[in-house]
Amino acid sequence: MSHAPTDALSGGPAEAKAPRRHRHQQELLVRRRCCHCAEVVPSLVILESRVCPKCGLTVAAEAGGGGLDVVNRLASQWRIWRWLIYPVTAAAALLTGWLPFVAAVLRLAGLLVVHIVLVRRPILWLSARRRFATRFTLRLCLAAIAVLGLLVDVLVIPWPGANSAVAVATTFLGTALYAEGALWLVKNRLEREVVTARLDVWEWIVPATLVLVLVGATVAVAAAIGFALYVIESLQIPFLSGLVGNLLG
C-alpha cells in the first residue's frame, strides 16, 4: 500500500499545508502572540524577533513575519477604518456647518473617534518611553488641529453662505490630516523600534514645538472671536447681530 509523500520536496501534503501554517503564524504575530506556542509575548519580542520567553524559539514566522513584516501587516489593517470615518465626519459637517461652532464640536468628536479607533491600539505596540512620547505628540496634534479648525470657523462667521462649505472642507482635511499623520507616525516609530528602543532627539523637539503652536493658535482664536463678534454686530446681520448684541449685553 503506497503512502502519500509528506516532505516539501516531493510536493505532498506537507508542502500543501505550509502556506496555511505560515498564514497562521503571521496572524498570531499581529495579535502579539508567539508564532510557535501561541502565548502572548511583549511586542518588542516580536518586533525585534527575539527568543520567546515561553517556548525558547525565535519569534518570527517561517515565511517572514518578524519585525518590519509585522509592522506592514498591522498598518494595512489599521488603515481600513479610514474609509468609514472620513465620509461620516464630512456628512456631519455638511448638515451642521451653517451653525456657528457646532461644526467645531463635531470636528473634535471626529478627531477623538479617529484617535480611539485608529491610533490607541497601535500605540500599545511601542515601548513605554516611546509610547508616552508618541501619545503626547499625537494629543498635541489633535488639540492643535481642533483649535486651528475653530479659528477657521470663527473667521467665516461674517459670511453665512460660506460656513457650510468651509466647515466640510475643514472637517475633512483636519480629520484626514490627523488620521494619516498619526498612522504614519506610529508606523514610523514601530519601524524604529525594530532597530532600537532609544528615543530620537526629535521625538522631544516636536512636542515642544506643538505646545508653542497650540498656545499661539489659542490666542489667535480668542482674538478672532472678539473681532468676528464686533463685525457681526456692526454689519447688522439678521438674527446673528441680535444674538451677538444679547451676548454682549
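Biologist: Before we start, what should I know about the model and the numbering?
Modeller: It's predicted, so local features need pLDDT of at least 70 and side-chain atom pairs count only at pLDDT 80 or more, while totals for chains, interfaces and linings use all residues. Residues are numbered from 1 along each chain as its sequence is written, and side-chain values use heavy atoms, with hydrogens and water left out.

Biologist: Okay, how many helices and strands are there?
Modeller: The protein chain has 9 helices and 0 strands. Those are DSSP runs numbered from the N terminus: H or I over at least four residues for helices, E over at least two for strands.

Biologist: And how much of the chain is buried?
Modeller: 40% of its 249 residues. Buried is under 20% relative accessible area, exposed is over 50%, and partly exposed is in between (1.4 Å probe, protein chains only).

Biologist: Which residues touch the most other members of the largest nonpolar core?
Modeller: W78, V119, W125, L138, Y178 and L190, out of 37 residues. A core here is a set of buried Ala, Val, Leu, Ile, Met, Phe, Trp, Tyr and Cys residues joined through side-chain atoms within 4.5 Å. The largest share, 8 residues, comes from α7.

Biologist: What does L190 contact beyond its sequence neighbours?
Modeller: Skipping neighbours within four places in sequence, L190 is in contact (heavy atoms within 4.5 Å) with L47, V71, W78, W125 and L126. There's also a second, separate core of 10 residues, which includes L140, L151, V154 and A224.

Biologist: Switching topic: how do α4 and α5 pack?
Modeller: Helix α4 (residues 82-96) and helix α5 (residues 102-123) pack at an angle of about 170°, with axes 9 Å apart. The axes are lines fitted to C-alpha atoms over the stretch in contact, and angles run from 0 to 180 degrees between N-to-C directions. That makes α4 and α5 roughly antiparallel, a label used for angles over 145 degrees.

Biologist: Which residues meet there?
Modeller: From α4, R82, I85, T89, A92 and T96; from α5, V102, A103, L106, G110, V114, V117 and L118. They divide into 8 nonpolar, 3 polar and 1 charged.

Terms used: Angles under 35 degrees count as roughly parallel, over 145 as roughly antiparallel, 65 to 115 as roughly perpendicular and the rest as oblique. Ala, Val, Leu, Ile, Met, Phe, Trp, Tyr, Cys and Pro count as nonpolar, Asp, Glu, Lys and Arg as charged, and the others, Gly among them, as polar.
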